[in-house]
Amino acid sequence: MFNLTYEFKLKPTKNQIQIFEEWLETHRRVYNHALAERKDWYKSRSCQKTACSVHNCYIIPADAPRPTYASQCKSLTTARKSNEYLAKINAQSLQQTLRRLEKAFVSMWEQNHGFPRFKKVGRMRSFSFPQLGKNPLQNGYIKLPVIGEVKLRQSRSISGGGVLKQARVVKRVSGWYIMLTVQWDVNPPQPMPHGEGIGIDVGLTSMVATSNGLLIKRPRFFIDAERKLKLLQQRVSRKRFGSNNWLKATKKVARLHEYVANCRKDWHRKLSHQLCDNVGMVFGEDLNLVGLSRGMLGKHCLDAGFGQFFNILEQTCFKRGVYFQKVDARKTSQICPNCQHETGKKTLAERVHKCGNCGYETDRDVAAAQVVLIRGLAAVGHTVKMLSEGKFVGIPAS
C-alpha cells in the first residue's frame, strides 16, 4: 500500500464555519473528559494506603480497570444516547479524538514524552473522519459525513486509481484546510544506491554544506521577524483578556507565526530539490535534534528546522528516485576526510579544517560533509576511491 496526503483550502459558508467551531469545542470536551478519567485513575493508585491527601482524594474502587481506548469508546456510545451535542457529531470522528489521546499516552510511555495535558478553549484545531462515502470529491466539493458538501480549492489534481481513506479538517489563522489521505494498492520500489553521491552537513553558519563544496547560507526566518513579533505581542498584552480587540491582536501574532513557518517550509522544499539534481545518492547526519533544541543555541536550531528539512529531503529523494540514508554524526568535524586522521575537537570559531598529518585544507563544514559521504558510501557497500584532494567516488562492490 502507498499513501499520500493532499492539502487543500476549504471555502465553507458561514453556517458551515459555525458547525466546524461547534464540533471543535465538542471534540475538545471529549478529549478533556477522557483525559480526566485516565488521570483520576492514575492518581487514585498513587495515594498512600494509610492516609488520604490533604488537597484532594480520588475514591475509585480497587478493582476498577484502567481506562483504555476500547472502554472509553463504549462509554462514548452510551453517552451519545443521552447527550444532544455528542449525538450531532459523527461517532467515528469522536473515536478518532479518543485515539489521539491513546497515542499521546503511548508516546509518553515509549518515547519519553510528557504527560498529556488538558486543552484550553481554542487549542483543539482539528478533527478527522476515518471513513468517507463513495466518490466524496467531485466538482470542487468534498462531501463530509453529517456536515455535507463543502466547497474547496483543489489546487492540484489527484492521481487516478487511488482510494480516499481519511479526511482531516484543520483550522488555521488563514482559514480552514482539509488533509485528504489517498491510498493506492501498489508497492513502489525503494530507490537503490546508484550514480554519484553527496554528503550533507547542516549547521548554523551554513545551513547546508555538501561534499562537493557547495555552501548555502542559513536564512533567519524567525530572527528576522522577531522585532515585529515583539511589537505585536506587546499590543496583545495591553488588551483586555478575552475582548474583541484582544482576539484581533492574537490573530495578527498567529498570522505572523504561520507566515514564518510557510516561508521556512517553502525554502526547505526548494533546497531539497536543488540537492537532488544530478545525483543518485544523498547522505545526511543522524543528529540528536532534541539535544540541539535544548542547548545554548536552541532557538537558532529550531529556527533552522533541521528535523523538518531532513523529512522533506527524504520525501523529495523518494519522489525523484534518489537514494537517501542517514549516517553516524559523531566526530564528523574531528576527522580528516583525506587521510582519516583524527585532528581533535575544534571550537566554533575555527571555520577552516587543516590537517596536521597530510596538510589537507578546506572549509570546516565541507570537510564534515566529505566525512559523511565516506561513511555513507561505506554503509551501502561501495568502495571509496579518492580521485584527488576532496574528491571521492564510490565503486559498487562486485
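This is a predicted model: local features need pLDDT of at least 70, side-chain atom pairs count only at pLDDT 80 or more; totals for chains, interfaces and linings use all residues.

Reader: How many bridges join β6 to strand β7?

Author: Nine bridges join β6 to β7 (residues 175-184), and these strands run antiparallel. One of the pairs to look for is leucine 164 with valine 182 in β7. With two residues between them, β6 and β7 form a hairpin.

Reader: Which residues have the most contacts inside the largest nonpolar core?

Author: The general idea is that nonpolar side chains tend to be buried together in soluble globular proteins. Here the largest nonpolar core has 37 residues, and those with the most contacts inside it are Leu10, Phe20, Ile142, Leu144 and Ile178. Helix α1 (residues 14-45) gives the largest share of this core, seven residues. Setting aside residues up to four places away in sequence, leucine 10 touches several others, among them Phe20, Ile142, Val169 and Ile178. A second, separate core of 20 residues includes Val202, Val282, Cys301 and Phe306.

Reader: Is leucine 229 buried or exposed, and why?

Author: The number to read is relative accessibility, and the cut-off for buried is under 20%. Leucine 229 counts as buried because its relative accessibility is 6%. This leucine 229 lies in helix α5 (residues 221-237), and, leaving aside neighbours within four places in sequence, it is in contact with Phe222, Val253, Leu256 and His257. Leucine 229 and valine 253 are 24 residues apart in sequence, while their C-alpha atoms are 6.6 Å apart in space.

Reader: What span does helix α10 reach from its first C-alpha to its last, and what is expected at 1.5 Å a residue?

Author: Helix α10 (residues 364-379), which has 16 residues, reaches 23 Å between those two atoms, close to the 22 Å expected. Of its 16 residues, 13 are buried, and α10 is thus described as mostly covered.

Reader: What should I look for at the start of α10, and what follows this helix?

Author: At the start of α10, look at aspartate 363, where a side-chain oxygen reaches to within 2.9 Å of the backbone nitrogen of aspartate 365. After α10 comes glycine 381, which has a positive phi, near 85 degrees.

How values were computed: Residues are numbered from 1 along each chain as its sequence is written. Side-chain values use heavy atoms; hydrogens and water are left out. Helices (H or I, at least four residues) and strands (E, at least two) are DSSP runs, numbered from the N terminus. Buried means under 20% relative accessible area, exposed over 50%, partly exposed in between (1.4 Å probe, protein chains only). Contact means heavy atoms within 4.5 Å. Two strands pair if DSSP finds at least two bridges between them. A nonpolar core is a set of buried Ala, Val, Leu, Ile, Met, Phe, Trp, Tyr and Cys residues joined through side-chain atoms within 4.5 Å. The expected span of a helix is 1.5 Å times one less than its number of residues. A polar contact is a pair of N or O atoms within 3.5 Å; within protein, one must be able to donate a hydrogen and the other to accept it, and residues adjacent in sequence count only if both atoms are side-chain atoms.
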